[in-house]
Amino acid sequence: MTKPKIITRFAPSPTGFLHIGGARTALFNYYFAKHVGGEFHLRIEDTDKARSTEAATQAILDGLDWLGLSYDGDIVFQSRNAEAHVAAAHALLESGKAYRCYLTPKELEAIRETPSDTAFRSPYRDSTEVLDKPFTVRFRVPDGQTKIHDHVQGDITWDNENFDDLVLLRADGTPTYMLAVVVDDHNMGVTHVVRGDDHLINAGRQSQIYDALEWDIPDWAHVPLIHGPDGKKLSKRHGALGVEAYRDMGYLPGGLRNYLLKLGWAHGDNELFFTDDDIAKVFTLDGINSAPARLDFDKMDYINAQHIAQADNADLFAKAQPFFETANGAVLNAIQTNRVKAAMDSLKPRAKILKDLPEQAEYLLSTRPLSISGKSAKIFRKDGVLDLLRSFTLTLKSLKDSQWTQDSLQSAITKFAEQNDIGFGKIGQPVRAALTAGAPSPDLSLVLALLGKDEVIGRIDDVLSGHALTE
């Protein structure tokens, strides 16, 4: 017998941004489906019209797109499936698995306020009389127990007497969340429901509805929620909650994907760095930890730094370009762009997030004359420094364009130091200060090579003429 294709889904409510907890749930669904050759679907649970917005829906779609999560088929909008939800409720009415409840809101409130050791049961539960007044449709919880096996939480049993007879259709005829989820998952062919463990009790309620409708119950996997570094439930006090905030801080999609997957999921010897192909090959639900995971921003930075280090230079520059332009205060000109692109291999090892790249490239973006002050300016007040700098400039001017390479420049600096019987730092320090004004920079020979002959000589001349010194 051929096993049915595994189908997972991510079903956010469009009431705000894509929360990183939701993003991790989406990732678990996505990679599990990818691992088994199944399908990953997206459903927007927009039945709460008062809180659902098009802007929030777009924010969720943008977040998934930025993360690189592509879904199969068309988006399912829950609000468009009301007819199927209502039909299922009426099928339960006809089979006696649900009943009409004529309690008014005031009567219901009075019952709720009366102390009781049992779950809610309507006085109309066993009535067969059809009244000419508004009613809700309530599910008739069966006797006995409800048992599920959860891929993360294990075997769980509930006594059915502890479940309320929940509302399936409101008095205005609109379906409730609990019914809509079951009907939509069934009609979408969902085989595995992977979601936050705040929905665990819902698995018990929904299993009863599945049974009552004589539908196959999906496999369950309820994932622990993410906690903040202090061990408490993630909230605004912990900082960024939405995926877009991490995007704006300069995390790579691959870096955040990698980190969120490792946040509560492990494989083998618990290596930290994973590529997409690595994850798809090994991801299983059995690797999800049943204990809550804590956000660790240091580990997030470490993993993201690894993704930056291994990124394709052209792709990395494209992702980092907005950060370069913000730091530069304007769109990069052609010269700045070429310098930065050429420098990517030297910038990547020093960057944890994309915002670090323009900080490391400040010396490449600066325009003449540089503003040299503080400790960097003091270097040029030492006896003999300016004379050494003038002499070294002649050496640089004598180099042919074909000699303007990192290796040749390193040899030229070394040779100049030997000829003048000085340590490398005696000439290296003032040259670096003249070219970078104290900004972070790599090996001096690479700085010279990346800036180019004309820019290097121009920056040094600005120091010698006093135009670059501000104090």
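To get my bearings before we zoom in, how many helices and strands are in the secondary structure of the protein? After that, please look closely at how helix α5 and helix α6 cross.

Author: Happy to! Please keep in mind that this is a predicted model. Its secondary structure comes to 20 helices and twelve strands. As for overall form, the C-alpha trace spans about 105 × 50 × 35 Å along the principal axes. The radius of gyration is 32 Å, whereas a compact globule of 471 residues would have one near 23 Å. Buried residues account for 48% of the 471. Among contacts with a separation of 6 or more, 76% link residues 24 or more positions apart.

Now for your pair of helices. Helix α5 covers residues 177–188 and helix α6 covers residues 200–213. Their axes come within 10 Å and cross at roughly 60°. An angle between 35 and 65 degrees counts as oblique, and α5 and α6 are therefore oblique to each other. The crossing also has a hand: α5 passes α6 in a right-handed one.

Which residues meet there? On the α5 side they are Tyr-177, Met-178, Val-181, Val-182, Asp-185 and His-186. Their partners in α6 are Asn-202, Arg-205, Gln-206, Ile-209, Tyr-210 and Leu-213. Sorted by class, this contact of α5 with α6 has seven nonpolar, three polar and two charged residues.

How values were computed:
Residues are numbered from 1 along each chain as its sequence is written. This is a predicted model: local features need pLDDT of at least 70, side-chain atom pairs count only at pLDDT 80 or more; totals for chains, interfaces and linings use all residues. Side-chain values use heavy atoms; hydrogens and water are left out. Axes are lines fitted to C-alpha atoms, for helices over the stretch in contact, and angles run from 0 to 180 degrees between N-to-C directions. Helices (H or I, at least four residues) and strands (E, at least two) are DSSP runs, numbered from the N terminus. Angles under 35 degrees count as roughly parallel, over 145 as roughly antiparallel, 65 to 115 as roughly perpendicular and the rest as oblique. A crossing is left-handed if the near helix is turned anticlockwise from the far one by less than a right angle, and right-handed if clockwise. Contact means heavy atoms within 4.5 Å. Ala, Val, Leu, Ile, Met, Phe, Trp, Tyr, Cys and Pro count as nonpolar, Asp, Glu, Lys and Arg as charged, and the others, Gly among them, as polar. The radius of gyration is taken over C-alpha atoms; the globule rule is 2.2 Å times the number of residues to the power 0.38. Buried means under 20% relative accessible area, exposed over 50%, partly exposed in between (1.4 Å probe, protein chains only).
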